[in-house]
Amino acid sequence: MGMPGRVGQGQVEFLRQLCRSLVHDLPAPQRGPVELRILRSQGRADLWNLRSHLFGAISLAHGEHVARERLQQLDAHWD
């Protein structure tokens, strides 16, 4: 499932912002390192590889159910 109208760097920036929105309400000690990894990501593959870090941070703060729900938003942008 592609994202029409979003290619290259624009798509990566969209996905970075989406990832940041998934962790926006985490306590700063958990959010900071994850946001740094998000901002340092160079492409879709880097962001995909962050899924386990996102899941871990979200599940610590809100539980696994919430983590799964949030990551479904990210998963929707991959084939």
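The model is predicted, so to speak of local features a pLDDT of at least 70 is needed, side-chain atom pairs count only at pLDDT 80 or more, and totals for chains, interfaces and linings use all residues. Residues are numbered from 1 along each chain as its sequence is written, and side-chain values use heavy atoms, with hydrogens and water left out.

**Overall layout**

- The chain has five helices and zero strands, where helices (H or I, at least four residues) and strands (E, at least two) are DSSP runs numbered from the N terminus.
- Along the sequence, the pattern reads α-α-α-α-α.
- Of the 79 residues, 34% count as buried; buried means under 20% relative accessible area, exposed means over 50%, and partly exposed lies in between, with a 1.4 Å probe and protein chains only.
- Contact here means heavy atoms within 4.5 Å. Among contacts between residues at least 6 apart in sequence, 55% join residues at least 24 apart.

**Helix α1 against helix α2**

- Two packed helices are described by the angle between their axes and the distance between the axes.
- Helix α1 (residues 8-22) packs with helix α2 (residues 28-40) at an angle of about 175°, and their axes are 9 Å apart.
- That angle makes α1 roughly antiparallel to α2. Angles under 35 degrees count as roughly parallel, over 145 as roughly antiparallel, 65 to 115 as roughly perpendicular, and the rest as oblique.
- Axes are lines fitted to C-alpha atoms, for helices over the stretch in contact, and angles run from 0 to 180 degrees between N-to-C directions.
- On the α1 side, R16, C19 and R20 meet E35, I38 and L39 of α2.
- By class, the contact of α1 with α2 has three nonpolar, no polar and three charged residues. Ala, Val, Leu, Ile, Met, Phe, Trp, Tyr, Cys and Pro count as nonpolar, Asp, Glu, Lys and Arg as charged, and the others, Gly among them, as polar.

**Helix α2 against helix α4**

- α2 also packs with helix α4 (residues 51-62), at an angle of about 155° and with the axes 10 Å apart.
- This makes α2 roughly antiparallel to α4.
- V34, R37 and I38 of α2 make the contact with H53, L54 and A57 of α4.
- The residues of this contact of α2 with α4 divide into four nonpolar, one polar and one charged.

**H53 in helix α4**

- H53 sits in helix α4 and counts as partly exposed, at 33% relative accessibility.
- Leaving aside neighbours within four places in sequence, H53 is in contact with V34 and R37.
- P33 lies 20 residues from H53 along the chain, with their C-alpha atoms separated by 9.6 Å.

- R70 belongs to helix α5 (residues 64-75) and is buried, with a relative accessible area of 15%.
- The side chain of R70 makes a polar contact with the side chain of D25 (2.8 Å). A polar contact is a pair of N or O atoms within 3.5 Å; within protein, one must be able to donate a hydrogen and the other to accept it, and residues adjacent in sequence count only if both atoms are side-chain atoms.
- Not counting residues up to four places away in sequence, R70 touches L22, D25, I58 and H62.
- E69 is also found in helix α5, and at 42% relative accessibility E69 counts as partly exposed.
- The side chain of E69 makes a polar contact with the side chain of H65 (2.8 Å).
- E69 and F55 are 14 residues apart in sequence and 9.9 Å apart in space, C-alpha to C-alpha.
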